[in-house]
Structures are given as C-alpha cells and as structure tokens.
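Colleague: I've got this one open on my screen and would like to learn how to read its features. Could you walk me through them?

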Amino acid sequence: MDIRPVDATATTDERAAVNALLGPPQSAWDGGPRGNPRDAHVAAVGGRDTRARRHLLLPALRALQSRVGWISEGGLGYVCDRLNVPPADAWGVATFYALLFTAPTPRRIVHVCDDIACKARGADAVTSALERAVGPPLGHASHSARTAPHDAAALAPRASGWMRSPCLGRCDRAPAAFVAAAGERPYEALIGDATADRVQALLNGADAGFPQGTVVRQPVEQLRLLRRVGRVDPASIDAYRADGGFAALEKARGIGAAAVIAEVTAAGLLGRGGAAFPTGRKWEAVRSEPATPHYLICNADESEPGTFKDRVLMEEDPFAIVEAMAIAAFATGCERGYVYVRGEYPLAAARLQHAIDAARVAGLLGTLDIEIRRGAGAYICGEETAIFESIEGRRGEPRNKPPFPVQAGLFGKPTVVNNVETLANVPHILLGGAAAFAAVGTAASAGTRLFCLSGNVEHPGVYEAPYGVTLRALIDLAGGLAPGRTLRAVLLGGAAGSFVRPEDVDLRLTHEDTRAAGTTLGSGVVMVLDDSVDLRALVLRIASFFRDESCGQCVPCRVGTIRQEEALHRLSAAPGGRLPAEELVLLDDVGAAMRDASICGLGQTAYSAIESAIKRLHLFDGSGAPR
Ligand code: SF4
C-alpha cells in the first residue's frame, strides 16, 4: 500500500485496540484532539515523553493485528500519532515481522509448518492435501512474501486462510500448525499432529482444544531441568514452592550478589542458546558496569528450526524461569527484566505471565519489574542485539559489536542476555552447589543439556542428558528409528548447525568434542533423518529459510543467501543431479564471504549445514546416495 496515514483514519476498533495498550490520549502530542491551549505549555515535555514510549511500537502493532487482522493505513497512522513515530519508520517496523500483515488479510489464519523437522514427518502431504481441499496458501510467512502476499480485494471478504510457515517449535509433535484469529477476543494456539482435516476444522472456526502437554519419558531421578515437567502444576505457585521453589532465590539473597556470581562461575555454566559463553563472566561484567540502570533479558525467542526445549520449560515450569530471572537480576543489579517470547508461543507467554503475576503478588520479586514482550515472527530476533532493537521499537536488525551488550545493550545500558535453559540451571547451582553441578558432564562442558530430538525417531521430544552423552545413546533414548529404516544423517544444531553421518553416532555431545569433529551443539537440535527423507529437499529448505530470514542489512548475507539458494536450485536442472564443479566453487566462495563478512551469526552460519551436506554427506557429487 501507499503510506498515506495523514489522510487515513483509524476505525473505532483500531483506536480501541491501541488505547487498550497505551491508555487514552493525554494531549495533542500523543494523538489527542488538537487545539487545547494547554498543549502549547507542555510541548517540550509532551513531545519528549511521547517519543520515550517508542518501545511500545511493536506491542501497539501487535494489538492492531490481534484486533482487526492487519495493519491498515489508518491504524498505522494512529499508532504513529500516539507514539510520535514517523510513518515511514513505523512502516519499516510493521513490514519486518512475518506475523504482521500490511494488506487486508483473513481474520483467521492457520500457519502450517513446512520446515525441516515437519518435512521429515509428513508436512508436505498435509500441505498438498490442503491445497487440494481448500486452495492455495495465502503465501509463506517469510520476509519475502508477507508485505504483499495477496490480492487484497479478493481476500478481504474471506474469513480464513492458511499459510506455509517456518519452524513453529512444535517438532516433538510434527507436523505443527499455529492458528491466529483476530477480533475483540483474539485467539492463538500452537498445535502438533496437524492433519489436513484438523487444519480445515481450525479454518472453519474450531477451537484447538486443550493444550497438548509434554511427555517426559525419562525417570525423574535422571532429571534436573525437566524434573517438574508433568509432576508439578505449572499454574500453581503453591505447588512450585512445595517442590522447593524459590528456595534458591532466598539463598541468593542470603549469600549476596558477589557470592552468587562466584558460584555460577565456579559451576562452569555455559550459555545454552548456541554461543556457549560463560554465564558467570557475563554476569560479573554487567555487575561491574557503573552505568545504570542495568537490564536483564531472558531470550525466549526460540526460533532455530528443530528447537523447542525452551518452550517446554516455559510452558511446564514457568516459575523456575521467573525465580532464575530474579536471581540473575539480584546478582547483576538489574532493576528491570524482559522476557522476549517468540510470537508463536502463546501458551508459554500466558503461563509465564501468570507466574510473574503470582510471584509479584507473593512479594517474591521485590523491586524487580519483569515484562513479557512477544515477538512477531522474525528468526533474527533471537540474536541478542536484534532483541534490543525489537524491544526499542525498531526493525530487529542486529547491531555491530563492540560495544558489547554487557557495556551498552538495551537502551544503551549494560544488559545481561541469557537464554531460557541457561537461566533454568541457576537455581540448581545455588541449591546443589557449584561442585555438584560441575561433577556432571565434562570439565569443559559442565552439567546436563536439553536435547531436542526430532525427525525420524519413534518418540520425538526433549531429553535431558549429561554433556558427553553420545548421539547413539540419545537416539536410543528417543526410541530409535522406525523398524526397517536406516539412518541417513543427523542434523546437529539446527539450520545453523551441520549434518553428521551415520558413522558419527558415537560422537560425544560436548562443546569440545563437537568442535573437534567440525560440527556444533548449537541450541541442542538433534534431527534424525532416515532413508525415507529427501535430503536434497531438506537442504533446499534450509537455503530458502536463510534467504527468507536474512534481515538484509549487510550485503554478504543479503546477497549470499540468495545466490546460495539459486545455486542449489540449479541442481534440479543439472544432469544426473550432480552439481557441476563450478557451482561447488561458487557455493564455497559465497559461503566464505558470508562467514567472514556478515555482521551476525545468521550470515556467518548460513552455509554451515549446506557445506556439510556437500562435503560430509557428498549429497551433490554423485558419490553419496542421493535420492
Ligand atoms: S548477517 Fe544477515 S541477518 Fe545478520 S545482520 Fe547481516 S543481513 Fe542481517
């Protein structure tokens, strides 16, 4: 659409949605009627105060989306008036996120995952059946398609529609779907075991039903982080306290901030989001920064394809995350915390909000303020500096480093960013002691790790095991392959990780072992692929995923991900399915440019899985076993 917010007027519903978030306008400076003589006297303060609320831009856009199903010119203009944001700037933000639509769109949309884990478990059959039964998808919830995916005139009257989607984080019950219905009482649900019939029922207005719980198949004695899953009511603070909850927070306040950091450092806790940075060192760096305030962010924007462990923790043990955040904030001197939850996790956000409210009412948070911020469908917002931009109300584009977040992060202040699983370890360290924590795993990779088993195993799900467990043992824990099937490959670490071969199943899963083997643990993805899977289609899906999700601000990534996908597509035209040598050279060159010159991890790892498919699985040179 052309941006003409000056002419367009917000509807009553749009105003109501924005006002419910921001409150009614107080003056002409935040969207109220002009002409009040008082406004002239508050001009300086009024304008500055309004601009200081820029960080509410994404929540305001989400509010419009939830109420009317898209962001119209009038709605966008009203948000711009209320927050004093230039329309072009707000337009840039609205078009950044895949779950926000800037063209008329059916109010009820079902997003059907066609990403790698779901592909391995029949997603293509579901989407093909849907195309036959209800017609083509509206588009793909991706950066390249979402701004003008539709013929507005044709689609506006439709009540519902479906879209293909990147990974929805429900790989334990693949294929997955996410339904979002706009209205006065908006509705969202993430479901597993999607079939074409079930998606059709959702399109016709059916409820997704009671949320499917998470099944933990391991004995409770083997568990730390998953110990409460299925055993302790996630909605009851009393049940959590009866199970020892909040004892670690009490201990932390008793021993003091310095001792807490010393304990976390001695435990050797490494970040579980992928970068494996020492948590104690990060905490100490923020604590020692003189600038104030300090901020804490729990990174719950779990979007790496094949990753769903953080969702399980948030849905099934939300009080543990709140307690861990309170400990982290106490240790690092943070006055305000944010949980940045990916937009496709409505149940996790609801349960966390309940836990925060209950802990606050019980007086357990002290002066700490924790706020949940929902993402809106952007993989890149899992990058820590992209989260800052997103919370501040800008496009979620990563920042150059330095300065590092511990020095100048959210709102330019010292900021701790920890992933959900990382934080979940903290109460265990404080209660059990650093030595007991470090006694599990290896010297360089201490503790247990959550692994997301997906793909062709009998029982996909989250499994907890000490660092050092072998791939073979994990696959066995998940029930092994279906009878008669043989292992083709394992994707470790997700789309940003790499493939390993069947002969690598005795690889010990530690940071040091995987690094030596030329692969990575990443975010704990273990995607098992048997001989029924079309590996080439999976590799192409990975390439298209990175092309879609590149934020586009740096050339090596923006152009490289496109060139990479084009080269792989030329495979279909290559005689015998072999990739010509010059294409391999091109892919290597593009991959090296992305790795060496991209700003953030997305571009730096966009070639990893593809490179491993070429060089380790020999997928495209005829010496492997292409399908
Ligand atoms: S590497 Fe890609 S995703 Fe990261 S900042 Fe550059 S363009 Fe954006």
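Modeller: Let's start with helix H5 (residues 73–83): ten of its eleven residues are buried, so the rest of the structure largely encloses it. Buried means under 20% relative accessible area, exposed over 50%, and partly exposed in between, with a 1.4 Å probe and protein chains only. Helices (H or I, at least four residues) and strands (E, at least two) are DSSP runs, numbered from the N terminus. Before we go on: this is a predicted model, where local features need pLDDT of at least 70, side-chain atom pairs count only at pLDDT 80 or more, and totals for chains, interfaces and linings use all residues. Residues are numbered from 1 along each chain as its sequence is written, and side-chain values use heavy atoms, with hydrogens and water left out.

Colleague: Which residues of H5 are buried?

Modeller: Glu 73, Gly 74, Gly 75, Leu 76, Gly 77, Tyr 78, Val 79, Cys 80, Arg 82 and Leu 83.

Colleague: And why is helix H19 described as largely enclosed?

Modeller: By the count of buried residues: H19 (residues 420–432) has ten buried out of 13, so the rest of the structure largely encloses it. The buried set includes Val 420, Glu 421, Pro 427 and Leu 430.

Colleague: What caps the N-terminal end of H19?

Modeller: Look for a side chain reaching a backbone nitrogen. Here Asn 419 is the cap, with a side-chain oxygen 2.9 Å from the backbone nitrogen of Glu 421. Past the helix comes Gly 433, with a positive phi near 95°.

Colleague: How should I read phi and omega?

Modeller: As a rule, most residues other than glycine have a negative phi, and most peptide bonds are trans.

Colleague: Where does Phe 411 lie, and what is its phi?

Modeller: Phe 411 sits in the loop between helix H18 (384–391) and strand S8 (415–419). Its phi is positive, about 55°, although Phe 411 is not a glycine. With a relative accessible area of 32%, Phe 411 is partly exposed.

Colleague: Which peptide bond is cis with omega near -5°?

Modeller: That's the one from Thr 292 to Pro 293, and Pro 293 is in the loop between helix H14 (279–287) and strand S5 (294–300). A cis bond also joins Ala 174 and Pro 175, with omega about 0°. Pro 175 belongs to the loop between strand S2 (160–165) and strand S3 (177–181).

**Loop residues and their surroundings**

Colleague: Is Gly 393 buried or exposed?

Modeller: Gly 393 has 0% relative accessibility, so it counts as buried. Gly 393 is in the loop between H18 and S8. Leaving out residues up to four places away in sequence, Gly 393 touches Arg 54, His 55, Leu 57 and Val 93; contact means heavy atoms within 4.5 Å. Gly 393 and Phe 404 are eleven residues apart in sequence and 20 Å apart in space, C-alpha to C-alpha.

Colleague: What does the side chain of Arg 342 make a polar contact with?

Modeller: A polar contact is a pair of N or O atoms within 3.5 Å; within protein, one must be able to donate a hydrogen and the other to accept it, and residues adjacent in sequence count only if both atoms are side-chain atoms. For Arg 342, the partner is the side chain of Glu 344, at 2.9 Å. Arg 342 is in the loop between strand S6 (334–341) and helix H17 (346–361), and counts as buried because its relative accessibility is 4%. Between Arg 342 and Ala 376 there are 6.8 Å in space, C-alpha to C-alpha, and the two are 34 residues apart in sequence.

Colleague: And where does Ser 523 lie?

Modeller: Ser 523 is in the loop between helix H22 (511–516) and strand S13 (525–530). At 9% relative accessibility, Ser 523 counts as buried. Its side chain makes a polar contact with the side chain of Thr 307, at 2.9 Å. Beyond four places in sequence, residues that Ser 523 touches include Arg 272, Glu 304 and Arg 449.
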